[in-house]
Amino acid sequence: MPKSVSRELPEDLYARLSGSSADRYLDQVILLYTVDGNGWAHPAILSYFEVAARDRTNLRLATYKESNTTENMRRSGKVTLSIFDRRIAYSIKGTAREISREMKSVGRNAMLNVSIDQVLVDEADPVLEPGAYISSGVKCANPNLGAERTWRNEVLKELMESA
């Protein structure tokens with residue numbers, strides 16, 4: 001069962017999302033959930049080049065400006081991000097607001113700020129499930145990553161440097 005740990009990113013999660021180690025997570029994704037117009041959870045997948053911790057209480061996101069995901073955040077402001085890796089299961093709940101409808105680095109993306117409301121951690125109950133743990137994160141393969149590396153780095157840089 002998830003437990004609330006803070007209203008800000010703990011050290012390990014902040015370091016992971018600070019932008020300085022995005023290359024370590026090239027094959028991993030961050031799951032993003034918004035609320036659609038009918039009240040349903042709407043999932044999306046982001047890379048570590050599209051999510052950046054500005055500080056411990058704010059995340060910056062780059063999402064397609066015309067996507068349902070972005071429209072949901074514009075409308076409701078509600079967002080949850082999930083990060084899974086070996087022995088890690090975090091959820092970050094926050095309130096999104098649009099900073100820029102079109103990013104300078106990649107015009108198809110909008111930039112949003114997520115003000116963190118709650119950080120939760122989940123792990124197996126050591127009494128009920130002794131020895132059980134998350135064994136890996138959600139993985140992806142991108143055969144075009146080399147060709148995309150420049151614009152991905154530019155997106156991450158803009159997220160980190162924007163006012």
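User: Which elements each supply at least two residues of the lining of the largest pocket?
Analyst: They are β3 (41–46), β5 (58–64) and α3 (145–161). Helices (H or I, at least four residues) and strands (E, at least two) are DSSP runs, numbered from the N terminus. This is a predicted model: local features need pLDDT of at least 70, side-chain atom pairs count only at pLDDT 80 or more, and totals for chains, interfaces and linings use all residues. Residues are numbered from 1 along each chain as its sequence is written, and side-chain values use heavy atoms, without hydrogens or water.

User: What counts as a pocket?
Analyst: On a 1 Å grid over the protein atoms alone, a pocket is an open set of points where a 1.4 Å probe fits, with protein on both sides within 12 Å along at least five of seven lines. Lining residues have an atom within 4 Å of a point.

User: Which residues lie nearest the centre of the largest pocket?
Analyst: Ile45, Leu46, Ser47, Glu50 and Arg152, out of 25 lining residues. The largest share of the lining, four residues, comes from α3.

User: And the second largest pocket, what lines it?
Analyst: Its lining includes Arg87, Tyr90, Asp122 and Tyr133. Strand β7 (residues 88–100) gives the most, three residues.

User: New topic. What does Leu59 touch?
Analyst: Leaving aside neighbours within four places in sequence, Leu59 is in contact (heavy atoms within 4.5 Å) with residues including Leu17, Leu81, Ile92 and Asn113.
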